[in-house]
Amino acid sequence: MDTRRWGPGERLVFEPYTKEAHAETFDWIATHGIFAEGALGHLSYGDSVLSLAAAR
Amino acid sequence: MPKFVIEPHFRLQEWIAEEKGYFTAEGLDYAFREKIRSTGGQHHDMGGQRVGAYQSFEEGRSADVSCACHWTVNVAASSGHGRLYADLYSVAPAGIFVAADSPIRGPADLAGVPISVGWQSGSHYSTIQALEPYLPADKINLSFAEGLLFRRLEMLVERRAPAVALFSGPYYFAEQLGFRKIIDTTFMIATMIHGNPDPEDLANSSAPCAAPSATSTCAPTATRITTRTNSPNASTR
């Protein structure tokens, strides 16, 4: 294995994972039935995320 | 105060930060623990059981900070298994690979073909999202029996799986071995916070790759980008 031939790998994005992204993701998962009905959790965005930036 | 615990999952940038001492340089008093080992492929053989990233959150992770695909972290956090760290995310290169001599040349050729993915893990969601424009749902044949990332790579190399979803290091490895990528399935990874770690420790744990010089300090396995790509159903599968 020659890691010099690899690409840049995982890219870190220092941008917020927004409430809209959270909701859109949640809806997509629900629509596709990947979890059993009622097993997706019920906490709100505010209760299920931590943001140091928002706390400042 | 107990040490700050980091679970690297399969995140190569964290291994590099660990190996090069960047966490220590940030003043972090920490422990580095693998829960799902990437230093031994057998650990990724789940014996055919439907066990993936979400189940590891249900079981309980002991680290202050860990990660998984954003879909699973989203659901796990909404179910009270931790909190999604909303100040950053990452984008992992991913794709569906087949052998070089496979008759499968394009996404439509994958109709009905078992595609090995991890149960309720990034490869599960991202494979569906990538193939939906090409195939009806009943033609997307996901196989969960091959287990997690490194086991799937092993099955592909041994020609025991016709198509597998890979990301990060194994993605590059398969590419280098000559396997053919049929479609890109690049997806977002989110950070999960467990308990109530010291905010300063939390900030320092991502600081090694947050500095302006991060491209050079964490390359080649992690690159800091600032372009907004926060569209989970578009380019960030």
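This is a predicted model: local features need pLDDT of at least 70, side-chain atom pairs count only at pLDDT 80 or more; totals for chains, interfaces and linings use all residues.
Strand β6 (residues 115–116) and strand β8 (residues 163–167) of chain B run parallel and are joined by two bridges; two strands pair if DSSP finds at least two bridges between them. Helices (H or I, at least four residues) and strands (E, at least two) are DSSP runs, numbered from the N terminus. Both strands belong to an open sheet of five strands with mixed pairing, in the order β7-β6-β8-β5-β9 of chain B. At its edges stand β7 (142–143) and β9 (180–184) of chain B, each with a single partner strand, so one side of each is left without a neighbour in the sheet.

Helix α5 (residues 122–131) of chain B packs on this sheet, touching β5 (94–98), β6, β7, β8 and β9 of chain B, and its direction makes about 115° with that of β8(B). Helix α6 (residues 149–157) of chain B also packs on the sheet, where α6 touches β5, β6 and β8 of chain B at about 135° to the direction of β8(B). Axes are lines fitted to C-alpha atoms, for helices over the stretch in contact, and angles run from 0 to 180 degrees between N-to-C directions.

We turn now to the two chains together. In total, 37 residues of chain A are in contact with 51 residues of chain B, contact being counted if the C-beta atoms of two residues, placed from the backbone, lie within 7 Å. Helix α1 of chain A gives the most to the side of chain A that touches chain B, with seven residues.

The axes of α1 (residues 19–31) of chain A and α4 (residues 70–78) of chain B come within 10 Å and cross at roughly 95°, which makes the two helices roughly perpendicular, a term for angles of 65 to 115 degrees. Among the residues that meet here are A:Phe26 in α1(A) and B:Trp71 in α4(B).

Terms used:
Residues are numbered from 1 along each chain as its sequence is written. Chains are lettered from A and ligands numbered from 1 in the order in which they are written. Angles under 35 degrees count as roughly parallel, over 145 as roughly antiparallel, 65 to 115 as roughly perpendicular and the rest as oblique.
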